[in-house]
Amino acid sequence: MDDKRRRRQIEREFGVPIAGEILDPSRWTQTALKKLPAEGRLNWEALFARQAPVVLDLGCGNGRFLLQSAVWRPDHDHLGIDVLPVVIRYATRRGNQRGLHNLRFAVCDGQRFLEQYVIPGSVSEIHCYHPQPYYDPAQVHKRLVTPHFLALVHGALAPGGQFFVQTDNPGYWRYIRALVPVFFDFEERDRPWPDAPKGRTRREIIALRRGLAVFRGSGRAKANLGTDEALRLAEALPPPAFDADRRLRELDEVERERG
């Protein structure tokens with residue numbers, strides 16, 4: 001295959017390649033998880049037909065991060081969810097075209113997914129990139145990162161499991177930075193992730209191009225914190241009632257329109 005034809009098989013977004021090569025249709029897979037269980041929780045071994053560490057991306061958008069992780073870490077299984085069907089369609093198409101067997105996408109919100117479908121202590125990594133801050137005071141209750149959500153993330157992770165979080169909203173980050181250390185041995189990161197210096201997600205790429213600060217951090221679930229205790233702690237912690245800074249609203253609206 002000549003170099004010119006090969007370049008056409010690499011997809012780019014804002015000039016940044018999306019991991020994996022678009023294959024001949026005969027090699028495509030089906031990455032859409034169209035139905036979640038009517039009862040009970042997901043069985044990872046049954047879903048992926050093997051035993052492997054599981055990586056969740058809650059609010060995965062168009063799938064850029066999970067595609068990269070699934071391509072570069074074939075020994076891990078990956079599941080991304082988002083409440084917007086349109087972005088899940090983009091993500092599943094890309095996953096299918098790359099012939100990935102260790103990747104699934106589904107439409108669901110993050111808190112309900114953790115509460116209803118994840119076996120406690122069964123996940124190696126949970127990622128949450130650029131959760132929607134919601135600027136309208138009437139929609140503040142929809143913010144994903146709450147004390148209860150963080151307790152659910154803690155409970156879903158296997159011993160030593162990691163939580164990764166990122167936002168370009170200063171108000172959201174101040175709230176996250178204050179609460180996440182209650183549940184995780186948390187460390188802030190002052191530079192892009194080494195695997196994606198131009199951005200792990202579409203939103204991060206745009207934010208960096210616009211000169212916005214991007215706030216990042218990760219941590220391991222606290223080993224001495226039990227599930228019941230984590231939930232009790234969550235009840236006493238404040239909700240995410242921060243000022244979301246309306247100057248960032250324009251970027252959010254552009255992102256929703258473009259998917």
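Is Cys 128 buried or exposed? Cys 128 is buried, with a relative accessible area of 1%, where buried means under 20%, exposed means over 50% and partly exposed is in between (1.4 Å probe, protein chains only). Bear in mind that this is a predicted model, so local features need pLDDT of at least 70, side-chain atom pairs count only at pLDDT 80 or more, and totals for chains, interfaces and linings use all residues. Residues are numbered from 1 along each chain as its sequence is written, and side-chain values use heavy atoms, with hydrogens and water left out.

**Overall build**
- The protein chain has ten helices and nine strands, taken as DSSP runs numbered from the N terminus (helices: H or I, at least four residues; strands: E, at least two).
- A compact globule of 259 residues would have a radius of gyration near 18 Å, and the protein chain agrees because its own value is 18 Å; the radius is taken over C-alpha atoms, and the globule rule is 2.2 Å times the number of residues to the power 0.38.
- Along the principal axes, the C-alpha atoms fill a box of roughly 60 × 45 × 30 Å.
- As for burial, 52% of the 259 residues count as buried.

**Cysteines**
- The disulfide count comes to zero, going by a rule that asks for a pair of cysteine sulfur atoms within 2.5 Å.
- Cys 60 is in no disulfide, and the nearest cysteine sulfur, that of Cys 128, is 11 Å away.
- Likewise, Cys 128 is in no disulfide, with the sulfur of Cys 60 as its nearest at 11 Å.
- Cys 60 is buried too, at 8% relative accessible area.

**Around Ser 69**
- Ser 69 sits in helix α3 (residues 64–72) and is buried, with a relative accessible area of 5%.
- Its side chain makes a polar contact with the side chain of His 78 at 2.7 Å; that term covers a pair of N or O atoms within 3.5 Å, where within protein one must be able to donate a hydrogen and the other to accept it, and residues adjacent in sequence count only if both atoms are side-chain atoms.
- Gly 20 is 49 residues away from Ser 69 along the chain, yet their C-alpha atoms are separated by 10.0 Å.

**Val 86**
- Val 86 lies in helix α4 (residues 85–97).
- At 32% relative accessibility, Val 86 counts as partly exposed.
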